[in-house]
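Hi everyone, thanks for coming. Please take a look at the sequence and the structure on the screen, and then I'll walk you through them.

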Amino acid sequence: LTVGYYALDYVKVHTSGDVIAYKRFAKALMQNDYSLARQISNKELAAEVASKRAERNKFFSGVRPLFTYHEVISQHLSSDGKSSRLLVEQVTRVGTKGQVGFGGDDEVRIRHTVELEQVNQLWEVSSFIDPAMR
């Protein structure tokens with residue numbers, strides 16, 4: 001029963017609109033797709049995030065990203081349900097020199113603090129902090 005409760009909670013969190021919007025934004029950053037990032041945030045934030053591309057790419061220097069998933073540490077929705085604050089750890093499994101296999105032989109963990117607001121019933125990233133932004 002406890003496992004079922006945690007599984008249901010996991011699905012509920014990872015399918016909520018704010019988390020889906022955050023994941024799209026994080027994926028855009030991983031792929032250096034700042035036009036997509038601009039669609040999910042405001043122009044100023046997208047420009048600021050884009051300006052830190054080199055710092056962000058250093059996290060993956062010398063490794064080959066294989067796949068990425070997100071661990072939502074906390075999700076706080078406002079009482080009116082129109083704003084959200086997330087603390088998420090982005091985990092990217094990577095391969096280093098000579099590594100063979102799907103799962104890689106190491107991982108890169110990057111903590112994100114994200115604020116989102118609902119604008120015209122769509123979630124938009126209004127604040128994003130990762131180590132590159134500090």
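Let me begin with charge: the protein chain has 18 positive and 16 negative charges, and their mean positions lie 4 Å apart. Here Lys and Arg count as positive and Asp and Glu as negative, while His and the chain ends are not counted. Each charge is placed at NZ of Lys, CZ of Arg, CG of Asp or CD of Glu.

A word on where this comes from. This is a predicted model, in which local features need pLDDT of at least 70 and side-chain atom pairs count only at pLDDT 80 or more, while totals for chains, interfaces and linings use all residues. Residues are numbered from 1 along each chain as its sequence is written, and side-chain values use heavy atoms, with hydrogens and water left out.

Now the overall layout. How many helices and strands does the protein chain have? There are five helices and four strands, where helices (H or I, at least four residues) and strands (E, at least two) are DSSP runs numbered from the N terminus. Reading from the N terminus, the order is α-α-α-α-α-β-β-β-β. The radius of gyration of the protein chain is 16 Å, close to the 14 Å that the globule rule gives for 134 residues, so the chain is as compact as a globular protein of that length. That radius is taken over C-alpha atoms, and the rule is 2.2 Å times the number of residues to the power 0.38. Along the principal axes, the C-alpha atoms fill a box of roughly 50 × 45 × 20 Å.

What about the inside? Of the 134 residues, 34% count as buried; buried means under 20% relative accessible area, exposed over 50%, and partly exposed in between, with a 1.4 Å probe and protein chains only. The largest nonpolar core has 22 residues, and F25, V49, V125 and F128 have the most contacts inside it. Such a core is a set of buried Ala, Val, Leu, Ile, Met, Phe, Trp, Tyr and Cys residues joined through side-chain atoms within 4.5 Å. The elements that each supply at least two residues to this core include α2 (17-30) and β4 (122-129), and α2 gives the most, with seven residues.

Finally, the loops. Where is N120 found? N120 is in the loop between β3 and β4, and at 73% relative accessibility N120 counts as exposed. Q121 is found in the loop between β3 and β4 too, and Q121 is exposed with a relative accessible area of 72%. Phi of N120 is near 50°, and phi of Q121 is near 70°. Most residues other than glycine have a negative phi.
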